[in-house]
Amino acid sequence: MPMSNAFENRLYPLLESIVAHFGTPFHIYDEVGIRETGDRLKNCFFGIPGFREYYAVKALPNPAILAIMSDMGFGFDCSSIAELVLSRRVGGSGEDLMFTSNNTTRQEFAAAMADGGSIINLDDISLVDKLPAIPDLICFRYNPGERRSGNAIIGTPVEAKYGVSHEQLIHAYQTARNLGVRRFGLHTMLASNERDYTYMVQTTDMLLEQVERISSALDIRFEFINIGGGLGIPYRPADSPLDLNAMAGAITAAFNAFSRRNGYMPRLYMESGRFMTGPHGALVATAINRKEIYRTYVGVDASMSALMRPGMYNAYHHITVPGKIAEPTQIVDVVGSLCENNDKFAIQRPLPPIAEGDRVVIHDTGAHGHAMGFNYNGKLRPKELLLKLDGTIELIRREERLEDYFASLSFTPETLSAAPLKITSHLAN
């Protein structure tokens with residue numbers, strides 16, 4: 001079910017007082033729900049010693065959220081310098097961080113190996129030459145090609161730009177070992193928002209098979225496998241949730257079988273982002289217009305710039321109108337104000353009659369919501385709030401302001417209005 005009833009029950013009685021204080025629009029996240037999901041994940045994989053979640057920072061890169069992850073004992077999956085900095089500022093260091101990137105620069109690798117370092121997860125064998133030094137521990141990202149199918153969201157592995165091919169895999173580890181690497185991990189990421197738990201079990205089996213193949217060829221031992229992220233959530237009311245218990249049971253059995261064959265058990269890592277925070281966030285907006293032409297349009301004070309998934313992926317996000325849940329429905333499009341026809345949160349959606357001033361709650365924005373925001377049309381991204389364990393509300397990111405939009409320019413709005421814009425040609429006469 002999109003956005004848990006428990007989150008609604010905590011949020012909705014406070015909603016009008018929150019709006020009165022902070023205004024709309026805003027993203028709001030539920031600390032109780034995030035912690036409950038984290039505890040459930042740890043409990044399910046208790047049978048695999050050393051299990052660890054590396055939260056995908058890209059999903060919700062806010063220090064207040066990362067601090068919760070750190071408090072639960074999780075590490076951080078990073079793919080940029082900014083994500084490394086954020087993770088370190090909440091206490092992550094060394095092997096708390098896994099740096100997984102692609103088309104990576106020397107500067108980025110230097111940042112990943114500075115300040116206590118991180119686990120380096122290489123996307124290609126050629127990237128070894130860009131490392132400022134050879135680390136003691138290296139992981140490679142595996143792309144199985146036609147040996148596995150992806151899913152509709154992430155595409156098929158053979159078409160993906162990511163990872164080391166099956167044929168290159170043994171050579172990659174041999175090269176790393178010859179350069180002095182002594183500790184090894186193996187990673188893959190093949191699916192996105194996958195709710196069929198058997199897919200993740202098959203991914204685990206695949207990685208354990210590759211560990212045995214590489215170990216047999218090179219006589220090396222693997223410390224961990226990382227099955228990536230991609231655990232799905234039910235965005236639609238009719239969607240079935242991922243069966244985490246069944247998934248954990250089957251994966252634990254696979255690890256035990258590996259241990260019996262090989263005399264040891266690697267650790268299990270994963271890097272869930274959406275699964276950890278997606279259902280525990282909502283975008284709250286206010287209806288500001290209602291337009292009746294060929295369709296009925298309900299305009300809200302948030303735009304695609306605050307949540308691009310519906311416009312970019314045609315993704316479904318459930319919508320509720322607090323206080324009008326039981327009323328007869330009308331078919332409407334819920335839209336923002338961008339000069340872009342894809343700026344729609346819902347298309348031909350049955351919703352209760354919405355009048356100007358009504359609150360519109362867009363569910364499941366706790367991952368890839370604010371993080372994917374942008375400034376097209378000069379639209380400014382909204383604030384982020386945290387509904388804390390004690391029921392209080394904390395502002396964890398203020399809304400963008402006009403001065404933020406102009407801050408990276410070589411002039412300010414004041415200087416722009418005070419002096420004509422000069423265009424200098426750099427072409428030779």
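The model is predicted, and local features are given where pLDDT is at least 70, side-chain atom pairs count at pLDDT 80 or more, and totals for chains, interfaces and linings use all residues. Residues are numbered from 1 along each chain as its sequence is written, and side-chain values use heavy atoms, with hydrogens and water left out.

The second largest pocket has a volume of about 400 Å³. A pocket here is an open set of points on a 1 Å grid over the protein atoms alone, where a 1.4 Å probe fits, with protein on both sides within 12 Å along at least five of seven lines, and lining residues have an atom within 4 Å of a point. Among the 20 lining residues, the closest to the pocket's centre are Ser4, Thr37, Arg40, Pro279 and His280. Helices (H or I, at least four residues) and strands (E, at least two) are DSSP runs, numbered from the N terminus.

Helix 3 also packs against helix 4 (residues 63-71), at an angle of about 35° and with the axes 10 Å apart; axes are lines fitted to C-alpha atoms over the stretch in contact, and angles run from 0 to 180 degrees between N-to-C directions. In this contact (heavy atoms within 4.5 Å), Glu31, Ile34 and Arg35 of helix 3 meet Ile65, Ile68, Met69 and Asp71 of helix 4.

A salt bridge, meaning a side-chain nitrogen of Lys or Arg within 4 Å of a carboxyl oxygen of Asp or Glu, is counted 22 times in the model. Glu212 and Arg261 form one of them, with their closest N and O atoms 2.8 Å apart, and this pair links helix 8 (residues 197-218) to helix 9 (residues 244-262) across 49 residues.

Most residues other than glycine have a negative phi, and most peptide bonds are trans. The table sets out two features of the backbone.

| Feature | Value |
|---|---|
| Cis peptide bond, Thr24 and Pro25 | omega about 0° |
| Positive phi, Asn193 | phi about 50° |

Pro25 lies in the loop between helix 2 (15-22) and strand 1 (26-30), whereas Asn193 is in the loop between strand 8 (183-187) and helix 8.

Terms used:
Grid points are joined across faces, edges and corners, and a volume is the space filled by probe spheres set on the points.
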